[in-house]
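Hi,

Here is the structure I promised to pass on. Have a look first, and then read my notes below.

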Amino acid sequence: MELKNEITKFNLRENGEVDKDDKNGKISEAFKPIAEMILSGYFKVSKNNSASYVTVHPTCVEMYYHEEGEGDDKIKDYIVYHRNSNDGKKEVSVFPLGVLHNHVSGIDLTFERMGENNNPIRFSALIREFWVDKSHKIEESHENYGEENIKAYTESNPEKRSTYLYEALYSQYSVFDGFSVQWVDGNEDERKEIRCVKNRLNVAEYDHFEKIPASKTKEQLTKNKNYKQCQRMWSYSINEDKTK
């Protein structure tokens with residue numbers, strides 16, 4: 001299971017005709033193999049010139065997919081942070097494959113590329129929940145920093161505050177010693193069973209560039225009750241019920 005290879009060859013348009021609002025679930029199914037690979041692998045944070053490392057294991061990811069350019073067939077996901085401005089006056093470059101994008105909601109693992117007619121495709125996975133294995137970390141003075149925030153979390157009881165991933169990845173070792181963050185694929189024996197039966201957390205449905213406010217709908221609202229909830233089922237979690 002190699003996530004990089006799967007992403008490199010991935011083309012959503014090769015999955016047949018897709019509904020841009022994903023009411024038929026074809027996009028959700030197309031994303032599922034990628035989500036499985038993410039949830040079966042982990043980030044390895046290693047201290048330079050040392051055998052000390054920790055592993056950070058995603059247990060829930062949300063997929064985001066936004067096609068730049070005009071056209072009725074374009075899939076738009078305006079909640080995406082890294083995209084061109086609404087008025088078209090500011091264009092942002094495409095991230096190299098696998099860049100970690102830090103933003104106010106947490107960290108995205110990015111899979112951006114150029115699409116048809118030189119229009120970027122903004123594709124990424126937000127790590128929504130995770131746990132940290134510190135069993136291979138060689139403790140030194142002051143290395144218990146932040147331990148109170150994440151030490152109790154496991155695969156069955158993950159950290160659900162997505163912004164705590166900043167600390168899990170970047171606060172393990174000092175920059176004066178140096179450290180690296182590397183993605184490690186799981187093998188076939190480590191493939192996780194996952195489910196995609198829920199909406200992305202607090203992601204609003206948009207009417208073109210604007211979020212649809214709660215006052216204009218009688219349908220499901222976001223968790224914060226401010227907007228109409230986007231109905232795309234693009235959230236994937238490890239399925240602990242092996243009978244499913």
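A word on terms before the details: buried means under 20% relative accessible area, exposed over 50%, and partly exposed in between (1.4 Å probe, protein chains only). This is a predicted model, in which local features need pLDDT of at least 70, side-chain atom pairs count only at pLDDT 80 or more, and totals for chains, interfaces and linings use all residues. Residues are numbered from 1 along each chain as its sequence is written, and side-chain values use heavy atoms, with hydrogens and water left out.

Salt bridges

A salt bridge here is a side-chain nitrogen of Lys or Arg within 4 Å of a carboxyl oxygen of Asp or Glu. The structure has 14 of them. One joins Lys-228 to Glu-219, at 3.6 Å from N to O; Lys-228 is buried at 12% relative accessibility, while Glu-219 is partly exposed at 49%.

Another pairs Glu-67 with Arg-13 at 2.6 Å, N to O. Because Glu-67 sits in strand E2 and Arg-13 in the loop between helix H1 (3-9) and helix H2 (26-40), this pair ties together parts 54 residues apart in sequence. Helices (H or I, at least four residues) and strands (E, at least two) are DSSP runs, numbered from the N terminus. Glu-67 is buried, at 5% relative accessibility, and Arg-13 is partly exposed, at 34%.

There is also a network of salt bridges that links Glu-36, Glu-188 and Arg-191.

Aromatic rings

Rings of Phe, Tyr and Trp (its six-membered ring) pair if their centres lie within 6.5 Å; planes under 30 degrees apart count as stacked, over 60 as edge-to-face and the rest as tilted. The model holds 10 such pairs. In one of them, Tyr-78 and Tyr-206 have ring centres 5.8 Å apart and planes at 45°, so the pair is tilted. Tyr-78 lies in the loop between strand E2 (53-67) and strand E3 (100-103) and Tyr-206 in strand E9 (residues 206-207), so this contact connects parts 128 residues apart in sequence. Tyr-78 is buried, with a relative accessible area of 12%. Elsewhere, Phe-10, Phe-31, Tyr-65, Phe-111, Phe-123 and Trp-234 make up one aromatic cluster.

Backbone

Which residues deserve a look here? Asn-118 has phi near 65°, a positive value in a residue other than glycine. Asn-118 belongs to the loop between strand E5 (113-114) and strand E6 (120-133) and is exposed, at 61% relative accessibility. Asn-202 has a positive phi too, near 55°, and is partly exposed at 33%.

Best wishes
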